[in-house]
Amino acid sequence: MKKLFVFVLIADLVLAQKIFEIPLSPRIADYNIWVKVDDNSKKLYGYEILKWKNTSPDIINELHFHLYLNAFKNINSTFMIESGGQHRGIENDLNKKNNWGWIDIDSIGNSSQGDLTDNIDFIHPDDDNENDQTVARVRLNKPILPNQEIELKIKFTAKLPKIFARTGFAKDFYLVGQWFPKIGVYEYPGIRDAKVGSWNCHQFHSNSEFYADYGVYNVRITLPSKFIVGAVGNLIEKKKNSNGTTTHYFRAEDVVDFAFTASSRYKVFHDQWKHVKIELLIQPEHLGQVQRHFVSVKHAMNFFEKKLGSYPYPNLTIVDPPMYAQGAGGMEYPTFITAGSFWGMPQGINFTEMVTIHEFGHNYFMDILASNEFEEAFLDEGFNQYFETRIMDKFYGRKNSFFNLSGINIGDYEMTRSGYTYQTNPKLAQINIKSWDFKHGGYGVNTYNKTAVVLKTLENLLGEKTMNEIMRTYYSRWKFKHPSFSDFISIANGISKKNSGNKYGDNLNWYFEQTFNSTNVCDYKIASISNNELNWKLGIYDSAGTKKFSGQNDKKKKQYEAKVILHRLGEIILPVEVLVKFSDGSTKTENWSGEERSKEFKYVGKKKIKSVHIDPMQKISMDVNLINNSLSVEKDSRTSIKFTAKIIFWFENLMLFFAGLF
Amino acid sequence: MRLKNSLLAGFRKMASVIKLVLVMYSVTFVFSFVLGSAFSMSMSSFKSKPLLSELFAGFDYTVFSDFMHNYGDSISPIFNVMIMFAVFYLLMEIIFAGGLIGRFHFESNKMKAVKFFGFGIKYFWRYTRLFLYKLLALAITFGIVITIASVFFDSFDAGIETDYIKVIIISAVIFLILFLLLSVISDYAKIIIVKTNLTSSWTAIKMAVGFVFTRIHVVALIFLAGIVIYTMFTIIYLTIAVNFPITNMFSVFVLFVLQQLFIFLRFITKTFVLASEFSFHVNETVNLKKKILKGS
């Protein structure tokens, strides 16, 4: 039996269909996994062969593994302590035994190392939580030398939780993510900002997502034949077994993760974009939204191709989770995304489009640019949010890309910006901190919204062309690697200098320091406008030995000292343009470095200042209050009257509603 | 025939009290105008902010959200006052109803506003008790509907959204029907109080229930006629308002006039329904007396 198994294994590996002739990535961690899903107990019985390559110059004496599912083992895991048993507002009923999840390594080892099962212990590199079992250390019997490979055979059993945080089951639906023993990333000088070699294998936190090395995944999933299955990578083979189950064999190359879904309710649709086969697994009650998924993802594919590079994989699977498994929605895996839609969603609400575009974008910023989402989550979420708003606004309209119903219109970028500016305390946290350090909130708004707003402001300052060049260079230089924020900064500095010279100083460090590494806010204000008449002839004047009185000015010679005073209320210092409009219709654009707390512009002449606008093009959209950026001498009552009329009407209706109760 | 006669009589009665309708509309307008003026004053300091002018021609989310976030506190007290005003207006409505039905009953063509309000005050406490009974009935009805709906919700054990939507729609329709039924009973109870000078609101309700359920088809159709007319006005108004371009102050004025016309028509419809119900009740009780006399 064992020989037969080995034969089947070797035959499978030999016959495995290659996707890419030339590998796209370093392929450090390759996985062959056989997993059986028990639909009754919601358990996974898995066997994993991990081939890990030591690309570092160090001798490796221990391996670190993520056991993510142990986050759902009990209330003492770091994830549960931090999250309080909920994720994005979705709660899990913790009183039901079946709702919990866990993973055990039953055995681990190989012929050279022997049985390493007893060498496993749980570590907690991020906190002192001894109860957390999401990171396991395996001490090796023999070290792994530089450029050596190790092949480990791992038998594991996992119990899926009820879905509330991305992974698990809900009735007949499965979204199985972060489900197998997954090796961490060994970082050494040259990878991100590492100074010395060490494992980067963080515990599962409530806020954080993931970080992994590239590899090839050959995964065979066996489960009852009633299920329709989708997964990361390509479906290579589907084989019916005699016991009423089917084995689905998926292969994915040059990816950082593997997840799969199963449900008997799925309706399956296909579409094509250039070389990419798109598969949509959608709930029957959402059939009216099939095209919304396809159209929006194609918009995203086109945009990313033009701005960064072509989507390299041959396929993409979009999963539409049911309402009872909302916790699985809006999540990304390589070539495999979960979107979100609701029955009867009107065309004017582009929620499905927004989620689909956003999750697809992660293929670039999470997978192809495999940043460390534990430590620099904004490099994925925030950069992707910035691209999401660009795509949404380009294809669905800048002012109505997210919402356009009954005269109310909201653009996706506008909504993203207001998410940042509408905070009660925008100084709660800075963007660039580790995801679990957002102890009192602010993870979402900083990682997604503020990052997108800061990048949009940078685009407005440098120009779209320069920003595109920065992003494209960042992508092409770091694709299929692990970039860090400092890598992005050095590219931005180089391209900015090349295109703009010293316009922004030697580099853009001043910008990134203020925006990513501080909690400071930006707020400019026009404090006052004054137009003082210069009575330069009023008084007694000596003229040919006599004293002559001069009364009011000659109207034709009337002169004014027109003055505007600007304030910088926030701590962030950015250069701004100031547009001054004069009474004679002329305009003047001033440049203010923004360094002083207050600044005065003065004009002496026949014309008065009519109005002043700081940043008239609204380039600095990170300014938390745009209303105080402009001031006019003349008062415009139109808006006030319009809304007063509306208030009167609304109130009359409210009173009649109350009267209707009698 | 009974329906047609009641509606025609109702229309004539409504036409005869058009000045009183105007009075009721005017009171409502004055209330709203006071509040609107307070809003306008609170906006005065923003008239020199050019960015806010973006909100004149249409909606701008960025301007709106920045304004509400940074200055929303300056106008939010007005919305609190609005609720207090609305509750006070409810008391006014009780007076209006008494005045109006008093006018229908006593058929005084030269009725002055003083007399109108006199009737309103005369029936105020009886009508207030009636209102409290109705409010209690509404709360109980709402509680029952919500409880039944939540039983269905729980039975789904995490279902799909169409399951929930179906329950929500069915519950809402059931509640609406019961609400309308309570409103009709309340209307006839008001009429009975005035016509029979009953001091007990509870007795009036019991009589109204008997009246309504023995003639449910006509009673329902009269009320339905009012709903159809009101719905028609609403559709016409919304069709115009949604497509009405705000380009200058004149267009603001025209839309405002249109809005006020819509409100006035709401009063007309409401009065017409009450007048038709009154006429129907009068006819029915006259017919009943005739039958009794014939029988004796």
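**Labels and their grounds**

Guide: A:Glu305 has a relative accessible area of 22% and is partly exposed. The model is a predicted one.

Visitor: Why is A:Glu305 called partly exposed?

Guide: The label buried needs a value under 20%, and exposed needs one over 50%. A:Glu305 has 22%, so it is partly exposed.

Visitor: What makes A:Lys274 count as exposed?

Guide: Its relative accessibility is 54%. The cut-off for exposed is over 50%, so A:Lys274 falls in that class.

Visitor: How do you know that the side chains of A:Lys274 and A:Glu305 meet in a salt bridge?

Guide: The N to O distance is 2.5 Å. The rule asks for a side-chain nitrogen of Lys or Arg within 4 Å of a carboxyl oxygen of Asp or Glu, so the pair of A:Lys274 and A:Glu305 qualifies.

Visitor: What makes this a link between distant parts of the chain?

Guide: A:Lys274 is in the loop between strand 21 (267-273) and strand 22 (276-282) of chain A, while A:Glu305 belongs to helix 3 (residues 290-307) of chain A. The two are 31 residues apart.

Visitor: Why is the pair of A:Lys619 and A:Glu577 called a salt bridge?

Guide: The closest N and O atoms are 3.6 Å apart. The limit is within 4 Å, so A:Lys619 and A:Glu577 meet the rule.

Visitor: Which parts of chain A does the pair of A:Lys619 and A:Glu577 tie together?

Guide: A:Lys619 sits in the loop between strand 35 (609-614) and strand 36 (630-632) of chain A, and A:Glu577 in strand 32 (residues 576-582) of chain A, so parts 42 residues apart in sequence are tied together. A:Lys619 is partly exposed at 26% relative accessibility, and A:Glu577 is partly exposed with a relative accessible area of 29%.

Visitor: What makes A:Lys602 and A:Glu600 a salt bridge?

Guide: Their closest N and O atoms are 3.7 Å apart, and the limit is within 4 Å. A:Lys602 counts as partly exposed at 44% relative accessibility, and A:Glu600 counts as partly exposed at 38%. Elsewhere, salt bridges that share partners join A:Arg27, A:Arg251, A:Glu253 and A:Asp254 into one network. Over all chains the count comes to 37 salt bridges.

Visitor: Why is A:Pro334 called buried?

Guide: Its relative accessible area is 0%. Buried means under 20%, so A:Pro334 is buried. A:Pro334 is found in the loop between strand 24 (331-333) and strand 25 (336-338) of chain A.

Visitor: What is A:Pro334 in contact with, leaving aside its neighbours within four places in sequence?

Guide: Its contacts include A:Val232, A:Val255, A:Met366 and A:Asp367. A:Val255 is 79 residues from A:Pro334 in sequence, yet the C-alpha to C-alpha distance is 6.1 Å.

Visitor: How do you know that domain 1 of chain A and domain 2 of chain A touch?

Guide: In domain 1 of chain A, 19 residues are in contact with eleven residues of domain 2 of chain A. Contact requires heavy atoms within 4.5 Å. About 1200 Å² is buried between these domains, 57% of it on carbon and sulfur atoms. On the side of domain 1 of chain A, A:Arg192, A:Asn207 and A:Tyr214 lose the most area to domain 2 of chain A, together 40% of what that side buries.

Visitor: Which kinds of pairing are counted between domain 1 of chain A and domain 2 of chain A?

Guide: There are zero salt bridges between them, but five residue pairs are in polar contact. The residues of domain 1 of chain A that touch domain 2 of chain A divide into seven nonpolar, five polar and seven charged.

Visitor: How do you know that chain A and chain B share an interface?

Guide: The contact takes 58 residues from chain A and 75 residues from chain B. The two chains bury about 6200 Å² between them, 68% of it on carbon and sulfur atoms. A:Ile627, A:Leu656 and A:Phe662 supply 15% of the area that chain A buries against chain B, more than any other three residues.

Visitor: Why is the pair of B:Asp60 and A:Lys399 called a salt bridge?

Guide: The N to O distance is 3.1 Å. The limit is within 4 Å, so the pair of B:Asp60 and A:Lys399 qualifies. The count between chain A and chain B is two salt bridges.

Technical notes:
Residues are numbered from 1 along each chain as its sequence is written. Chains are lettered from A and ligands numbered from 1 in the order in which they are written. This is a predicted model: local features need pLDDT of at least 70, side-chain atom pairs count only at pLDDT 80 or more; totals for chains, interfaces and linings use all residues. Side-chain values use heavy atoms; hydrogens and water are left out. Buried area is the accessible area (1.4 Å probe) that two parts lose on being put together, summed over both. A polar contact is a pair of N or O atoms within 3.5 Å; within protein, one must be able to donate a hydrogen and the other to accept it, and residues adjacent in sequence count only if both atoms are side-chain atoms. Ala, Val, Leu, Ile, Met, Phe, Trp, Tyr, Cys and Pro count as nonpolar, Asp, Glu, Lys and Arg as charged, and the others, Gly among them, as polar. Helices (H or I, at least four residues) and strands (E, at least two) are DSSP runs, numbered from the N terminus. Buried means under 20% relative accessible area, exposed over 50%, partly exposed in between (1.4 Å probe, protein chains only).
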